[in-house]
Amino acid sequence: MSRRLVLRLGELVAVLLLVSFGVFMMVSLMPGDPAVAVLGEGHTAEEYAAKRTELGLDGNVFARYVEWLGNALTGDLGRSLVPPENDVVGRVLAALPVSVELATMGLLMALLLAIPLAMWSASHEGGLVDRAIGASMFAILSVPSFLGGLLLIAIFANGLGWFPRAQWVRFGDSPLDNLYHAFLPALTIALMELALFTRVLRNDLLVTLHEDYILAARAKGMPPLRILLRDALRPSSFSLVTLLGISLGRLIGSTVIVEYLFALPGMGSLVIKSANQGDFPMVQGAVLLIAAIYVVINAGIDLSYGYLDPRTRRAHA
Amino acid sequence: MAGSGTAHLRPEQAPVLTVDDMVVEFPVGRGQKVHAVSGLSLDLLAGETLGILGESGCGKSTAGRAVMQLPSPTSGRVRLGERELTGLTSRPLRKARSRMQMIMQDPTSSLNPRRKVKDLVTEGLAIWGFEGTKQEKEELVRETLSAVGLDPDVVWDRRPHELSGGQCQRVCIARALMMNPEVLICDEPVSALDVSVQAQILNLLERTKERYDLSMVFIAHDVSVVKNISDRVMVLYLGKTCEVIPSGRIDSDAAHPYTQMLLASIPGAGDRELSDSAAAVELPSPLDPPSGCRFRTRCPLATERCAAEEPELREVRPGQYVACHHPIIEE
Amino acid sequence: MSDQTVLEVEDVRTEFQTARGVVRAVDGVSLSLRAGETLGIVGESGSGKSVLGRTIMGLITTGHTTQVHGSVRIAGQDVHASSPKERRRLWGSEVAMVFQDPMTSLNPVKRVGTHITEALRLHLGLDKKAAAERAIDLLRQVGIPEPARRMSQFPHELSGGMRQRVVIAMALCCDPKLLIADEPTTALDVTVQKQILDLLTSLAESRQMATILISHDLGAVAGRTDRVQVMYAGRVVERSATGEVFEGPRHPYTEGLLASIPRLSDPPHTTLRAIVGSPPNMANPPDGCRFAPRCPYVQDRCRTEQPELLEIGVRRTSHVAACHYPLPDVDTAGDAAPPRAALAEEIS
Amino acid sequence: MLMPRKNPVGSKLSAPRLGGVGAGLVVAGIVLLVVGWSAPLLLFLKAVVFLVGVIVLAQGLSRVVWAARGTRPDILLWLCCGWLVLLTVVALLAPLLPLGEHVDVVKALDAPIYQTPELLSEYPLGTNNYGLDMLARSIYGARTSLVIALSAVAVGTVVGGSIGVVAGFLRSGVDSVIGILTNALLAVPPLVLLIALATVLEPKLRNVALALALLTIPSMIRLARANTIAFAQREFVLAARAMGATRLRIMVRELVPNVVLPIFSMMVVMISVLIVAEASLSFLGFGVQAPEPTWGNMIAEAEGGTMEEYPHIVLVPGVFLFLTVFSFNLLGEKAQKRWDPRSAKL
């Protein structure tokens with residue numbers, strides 16, 4: 001275990017350093033002057049220079065990066081540029097739970113639906129149901145999530161009035177209400193993932209179902225459902241697990257869109273608002289945090305293969 | 001042996017290819033390494049076919065590739081004629097290497113699926129240049145294709161997936177011949193083929209060797225096939241040599257217990273004395289081969305001496321060399 | 001040998017729909033097998049021998065891209081007319097199969113023990129403990145050292161030979177009346193092949209199991225089977241007692257196949273009598289006799305008229321061949337017999 | 001899956017019966033199409049009816065050809081290709097076509113606003129809140145989308161593909177460095193990266209295309225690298241080395257021709273991904289800015305209650321977007337099945 005883990009950790013740190021550097025340098029690479037962006041046009045050169053000093057944009061880039069990173073490691077990502085000039089970390093931490101809840105709910109909904117759908121599809125390969133599921137999943141894949149979200153809102157929130165829009169109840173205040181308010185946004189997120197998961201799992205299941213050991217299990221007289229659950233599902237889930245890691249990026253993207261659509265106070269709304277206001281310390285902080293979460297979760301997924309496939313267990317151990 | 005030793009080499013007869021004490025090891029992490037080939041020596045006379053026989057994992061394919069310097073062996077020397085191959089720099093090595101050619105086990109995998117037969121066969125000329133006109137070049141390619149039993153007009157523009165396994169193997173042979181090699185290394189060239197096609201390829205290799213004046217190293221796991229095509233057979237076990245024997249005598253005179261075991265395992269070969277007793281034990285790991293004689297864990301004749309002392313190759317009959325403390329020799 | 005017929009196959013045809021058209025992988029095969037009898041099915045790749053094995057087993061049935069015609073009866077029950085549930089009851093307890101590649105025929109994420117015990121518990125209704133005991137006993141019977149420890153190992157921790165022994169133990173767990181072994185040794189090392197074949201032979205004998213041994217290796221079949229059936233391009237070309245086929249093949253394909261194998265008794269550099277050409281494309285097989293394009297004795301009739309599988313035996317045992325011009329019988333041909341006799345000795 | 005399978009096997013339908021069913025479906029499909037476009041229904045329902053019509057028509061045509069010729073054609077694939085060709089041609093020729101005003105509000109002053117789509121009227125797809133013609137806007141939107149997606153994919157593929165092949169062939173040090181760089185690029189979710197870039201870049205067509213190209217690069221590197229490694233282990237590479245080929249020659253002659261096909265399939269899929277990304281960005285207001293039309297910012301116009309009243313404001317660009325993305329997805333999947341069976345799974 002040790003050697004592999006150390007290597008993996010080293011890579012993780014290297015990646016995070018690179019990302020943080022990239023995120024930090026973005027501002028320096030900006031074609032315009034951030035001071036102009038903050039103050040607006042029509043001020044004197046002295047005023048811009050003063051603002052630049054205030055923003056900490058003077059001096060050597062690398063020295064500033066090291067300082068910024070040092071502060072970031074101690075939990076200080078600076079202050080927002082936009083009044084009331086809040087602490088970046090505080091705002092980010094307030095927004096994060098909303099996004100995490102949405103993403104998790106969406107993912108769970110997608111998985112809960114995808115696994116039975118894929119199993120049904122794969123065990124009736126080429127049948128009418130299989131083709132119908134395949135076709136609808138393919139169609140869903142081609143609907144961008146902002147379009148899907150708009151349609152869902154039009155039908156279920158504004159049309160039928162079943163669900164609220166543009167409201168958020170914190171989980172602590174009322175768990176049930178919170179779930180009720182989160183349902184439609186989570187469904188929007190789930191749709192795209194559902195389509196992908198179903199397709200990937202179905203195809204993997206098909207490959208597994210054509211393996212000799214499935215034939216051998218059938219030749220032993222095992223019932224089909226048992227074969228599907230006990231023999232086929234686990235070896236077929238490798239791609240799904242890999243996909244979960246890749247999905248994470250898209251999932252975060254979907255939360256951004258969904259939060260914007262439903263006007264929910266999560267990371268997405270925060271990033272969009274800050275980006276619109278040119279509030280770069282906020283954007284930097286949020287992006288860094290998102291990247292860190294993404295990288296760490298993916299590393300975890302990498303290590304989880306050991307459980308799924310005993311063949312790799314020894315190699316990792 | 002299975003042991004090492006160079007008693008079987010024939011330097012006085014000016015061999016085309018000489019391999020001296022070749023070692024190939026692969027690191028597999030955590031300080032461990034696979035001992036794929038350990039101290040192999042062999043020589044090949046002009047016009048001779050050397051058969052290398054062994055089970056999977058005995059290092060026979062690795063040895064074949066190491067001779068080609070693909071990749072170069074960990075240590076030891078390979079001489080092609082007078083030329084030392086180990087330690088050559090890139091360009092001379094590529095040039096020297098092209099004097100040896102290889103036929104591999106999976107004929108479809110060893111042809112680039114995106115290229116046509118004509119391009120595949122002329123690839124060698126494209127790399128090293130061809131002195132002559134375009135017509136002469138095409139003439140040569142057609143002649144070579146005909147020599148391996150392919151109709152040039154039929155296969156000229158085909159891609160590998162449009163050919164059968166046997167035809168692909170013929171293309172590989174034609175491609176090798178275009179390089180005008182001195183030595184042909186055949187790595188299990190018929191084991192992926194159907195029985196009826198296998199015989200065609202074996203006959204073809206035999207004919208080609210005569211016609212193009214080749215020397216050949218033929219690697220396989222099938223005793224009968226190796227006997228049919230070789231002049232001399234070398235039996236490998238876990239990266240070491242067990243026995244070197246003129247192929248005509250392998251079925252009657254084999255003296256090493258492992259060779260006997262291979263003979264006994266030919267289906268329907270009747271019951272040789274070693275057939276079942278040694279059978280239950282598995283092949284030891286090449287990561288940590290047994291001390292002394294590497295075959296001792298499966299050998300019915302093993303004694304304490306076999307664990308302590310590694311046997312050297314020695315001549316037991318004229319032309320027959322065995323690395324064993326207790327060879328089976330019935331006088 | 002009892003007279004109880006375990007397997008009856010009548011005019012089975014198996015067709016696959018592929019991108020290149022309909023492939024009739026098995027084309028009109030009939031055979032029967034009694035308890036304790038061993039049949040070898042020999043053929044090259046594409047001859048339909050494996051498909052036949054799976055069709056007999058009922059693992060290939062009529063479906064979206066597959067059509068199966070004809071009937072297969074195992075212990076009196078028609079496999080293809082049975083419901084999936086009845087078929088499952090048949091599998092494991094009446095008929096079992098050993099597959100070609102032990103690397104792929106065991107589930108990589110399941111322990112060795114589970115592979116065997118789940119069938120025991122399903123078919124025999126044993127409890128966990130009894131099933132485990134029985135499984136250990138089975139592993140011991142197939143010659144696996146330290147069977148109790150192996151139970152909790154994963155397949156990848158075993159060598160190829162050991163895995164194939166586990167597969168055999170799995171197949172035998174409910175005492176099937178018929179065992180179909182589909183190229184059981186092809187993926188194994190030469191020194192292990194014989195062990196596995198010997199194991200199969202002795203188990204079949206001690207249990208009075210009818211056995212079908214499918215192989216491309218004539219040597220593996222010789223000496224271990226009562227009868228041999230040679231297949232070419234989906235059809236049976238010859239079938240008789242094993243010794244007769246090897247000593248005096250009557251079909252030119254069988255003769256060619258035997259002659260193209262190098263023999264250990266021949267001196268080095270003996271030119272082999274290879275069959276010219278390569279096996280036909282099964283999506284578009286030749287008219288008439290499918291071996292005609294490669295046959296050294298071909299006549300005009302062979303190219304147009306498909307030969308029937310007919311009795312040509314002169315002795316008590318049945319000897320059938322599908323050839324318009326079968327080769328002469330060795331005995332009746334007397335001294336003029338081709339050098340096949342010597343060859344047969346070597347092989348059988 | 002809609003896509004017809006190759007084999008009419010299990011079907012017990014005879015040819016005439018098949019033809020009959022097919023003809024019926026064709027008629028039904030055409031009826032649905034006409035109803036979908038012209039009947040006085042809710043626009044949302046119209047769109048659904050229209051789409052169902054397309055599917056039914058495709059199935060019907062496929063059955064008719066199947067009955068007549070014996071092999072089942074992939075009608076859907078042809079429809080998708082047809083749509084893409086049509087869209088490209090129309091987008092290329094947009095300035096020459098007799099289209100309504102697409103961008104200049106002043107010129108549209110006398111046009112009706114929020115006109116509902118009417119097939120044979122002056123505004124076949126209706127107008128927006130300024131009276132700009134939706135058809136013209138959608139076609140000019142296609143111009144923007146296609147230009148951005150295609151140029152970004154081209155840049156990303158050339159850069160990413162060559163880096164990937166080199167990394168996969170050389171392995172060791174180069175490979176690890178490139179691996180870490182790739183992972184770092186992938187560590188920021190695409191949309192977040194785009195938004196972050198949008199804070200510092202002007203929302204111009206070129207900048208959006210560059211940002212999207214940056215997104216393409218890491219996936220292309222990964223794909224090219226994985227395929228190069230897989231092919232480099234094949235024996236034909238060994239054979240080339242045995243003949244004395246140089247490393248450059250092996251890369252160019254043996255590996256690249258094999259790696260190009262999976263990369264090409266990935267390109268097609270990538271185009272659809274980038275069209276969605278561009279649309280999302282414009283929807284959020286970070287892409288090409290209104291009134292210059294793109295599908296994303298056209299859909300954004302429908303926000304804030306407009307959608308319920310005038311659904312065509314969403315549905316017209318939405319259908320364009322959906323059909324285009326669907327077509328590229330389908331093409332990409334077919335290409336991957338053919339040339340890159342491993343990544344077709346994902």
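A polar contact, as used here, is a pair of N or O atoms within 3.5 Å; within protein, one must be able to donate a hydrogen and the other to accept it, and residues adjacent in sequence count only if both atoms are side-chain atoms. Keep that rule in mind for both interfaces.

Ground rules next. This is a predicted model, where local features need pLDDT of at least 70 and side-chain atom pairs count only at pLDDT 80 or more, while totals for chains, interfaces and linings use all residues. Residues are numbered from 1 along each chain as its sequence is written, chains are lettered from A and ligands numbered from 1 in the order in which they are written, and side-chain values use heavy atoms, with hydrogens and water left out.

First up, chain A and chain D. Contact means heavy atoms within 4.5 Å. By that rule, 53 residues of chain A touch 44 residues of chain D. The pair buries about 4,500 Å², with 76% of it on carbon and sulfur atoms. Buried area is the accessible area (1.4 Å probe) that two parts lose on being put together, summed over both. Which residues of chain A lose the most area to chain D? They are Arg131(A), Phe138(A) and Phe146(A), together 15% of what that side buries.

Now the polar side of this interface. The rule finds three residue pairs in polar contact, both residues at pLDDT 80 or more. The salt bridge count is one. A salt bridge here is a side-chain nitrogen of Lys or Arg within 4 Å of a carboxyl oxygen of Asp or Glu. Glu333(D) and Arg199(A) form a salt bridge through their side chains, at 2.2 Å, N to O.

What does the chain A side consist of, by class? It has 38 nonpolar, eight polar and seven charged residues. Ala, Val, Leu, Ile, Met, Phe, Trp, Tyr, Cys and Pro count as nonpolar, Asp, Glu, Lys and Arg as charged, and the others, Gly among them, as polar.

On to chain D and chain B. Here 17 residues of chain D are in contact with 26 residues of chain B. Together they bury about 2,000 Å², 54% of it on carbon and sulfur atoms. How many salt bridges cross this interface? The rule finds three. Glu235(D) makes a salt bridge with Arg65(B), with the closest N and O atoms 3.3 Å apart. The chain D side divides into eight nonpolar, three polar and six charged residues.

That's the tour. Questions, please.
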